[in-house]
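Dear colleague,

Here is the structure I said I would pass on. My notes on it follow below.

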Amino acid sequence: MEEFLDIIVGLLPGLWLSVLMAGASVAIGIPLGFVAGLTLNGQDKSLRWFVIALVELFRGFPALLTLYLVYFGLTDIVTLDRFAAVVAAFGVTTAAYTAEIFRASIASVPSGQIEAAQAVALTKRQIISKVVVPHVLNIAVPPILGIVIITFQGTALAYAIGAKELLGSAYSIGMINFRVLEPLLVAALLYLLFTSLLAWMEILADRRVARITGAGIGSASTRRRTRRLRQRNSHAGSASLPVKIHQ
């Protein structure tokens, strides 16, 4: 038992680094994804095609390849430390995946609400902040939490560039003691506990959306299973979830 507790204590700095990496990545990726979603619903065709190209590009790259490109490929332009490289790579990947979620959420805003806001002379910025954003937050939170879970799990890829996040810390402890299995199992348990907490939050958010939209819990569960299947497929392929972006 004492050895088990020692391993947990030894892994806490790595767990904290994984949380920081995931948090910083989604803090960058979600706003970028929202802007991309707005652009995809906009009227400027050239800008829309530019955003579509970026979204398809970063969804088509495996996350590990994007990380390598940022960490090793930009050395002639800028030198990033491991944390900054992970945040930059996972930030743009998160933005690419959340762009389609926001595009669909923004497109679901009832046109009557937009017309009513225009009728009372609200500016475009006010319409976005007072009409679009509240509607999108109600609809998009559950799938966004799913993306957060995948991003947190994806921080394990930072081990490939030598970062001492949770997986890297577990492997280092194992190599010091020449017993890798125990720290890896404890790391797996920590991953499971943290992702289970996020999944529980996702379920609560999904039920809230079901209440707002008037859908039953059963249909909410169906939507959640469908979304998880899509996310699992995208994670397994590390990037290439089939996407249809409406022109």
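Contact here means heavy atoms within 4.5 Å. By that criterion, among contacts between residues at least 6 apart in the sequence of the protein chain, 77% join residues at least 24 apart. Please keep in mind that this is a predicted model.

Overall make-up. The protein chain has nine helices and zero strands, and its pattern along the sequence reads α-α-α-α-α-α-α-α-α. It has 247 residues, of which 40% count as buried. The chain exposes about 13,400 Å², and carbon and sulfur atoms supply 68% of that area.

Helix packing. Two packed helices are described by the angle between their axes and the distance between the axes. I looked at two pairs, both involving H4.

Helix H1 (residues 2–40) packs on helix H4 (residues 82–107) at an angle of about 40 degrees, and their axes are 5 Å apart. Angles under 35 degrees would count as roughly parallel and those from 65 to 115 as roughly perpendicular, so H1 and H4 are oblique to each other. Their crossing is right-handed. The contact of H1 with H4 has 20 nonpolar, seven polar and one charged residues.

For helix H3 (residues 63–73) and H4, the angle is about 135 degrees and the axes are 9 Å apart. Roughly antiparallel would need an angle over 145, so H3 and H4 are oblique as well. H3 passes H4 in a right-handed crossing. On the H3 side, the residues that meet H4 are Ala 63, Thr 66, Leu 67, Val 70 and Tyr 71. Their partners in H4 are Arg 82, Ala 85, Val 86, Ala 88, Ala 89, Phe 90, Val 92 and Thr 93. By class, the contact of H3 with H4 divides into 10 nonpolar, two polar and one charged residues.

Two individual residues. Thr 94 lies in helix H4. Its relative accessibility is 4%, and buried means under 20%, so Thr 94 counts as buried. Leaving aside neighbours within four places in sequence, Thr 94 is in contact with Ser 25, Val 26, Gly 29, Ile 30, Ile 147 and Thr 151.

Ser 169 lies in helix H7 (residues 166–177). Is Ser 169 buried or exposed? With a relative accessible area of 10%, Ser 169 is buried. With neighbours within four places in sequence again left aside, Ser 169 is in contact with Leu 11, Gly 14 and Lys 164.

Regards

How values were computed
Residues are numbered from 1 along each chain as its sequence is written. This is a predicted model: local features need pLDDT of at least 70, side-chain atom pairs count only at pLDDT 80 or more; totals for chains, interfaces and linings use all residues. Side-chain values use heavy atoms; hydrogens and water are left out. Helices (H or I, at least four residues) and strands (E, at least two) are DSSP runs, numbered from the N terminus. Buried means under 20% relative accessible area, exposed over 50%, partly exposed in between (1.4 Å probe, protein chains only). Accessible areas come from the Shrake-Rupley method with a 1.4 Å probe; for residues, only the protein chains shown count as cover. Axes are lines fitted to C-alpha atoms, for helices over the stretch in contact, and angles run from 0 to 180 degrees between N-to-C directions. A crossing is left-handed if the near helix is turned anticlockwise from the far one by less than a right angle, and right-handed if clockwise. Ala, Val, Leu, Ile, Met, Phe, Trp, Tyr, Cys and Pro count as nonpolar, Asp, Glu, Lys and Arg as charged, and the others, Gly among them, as polar.
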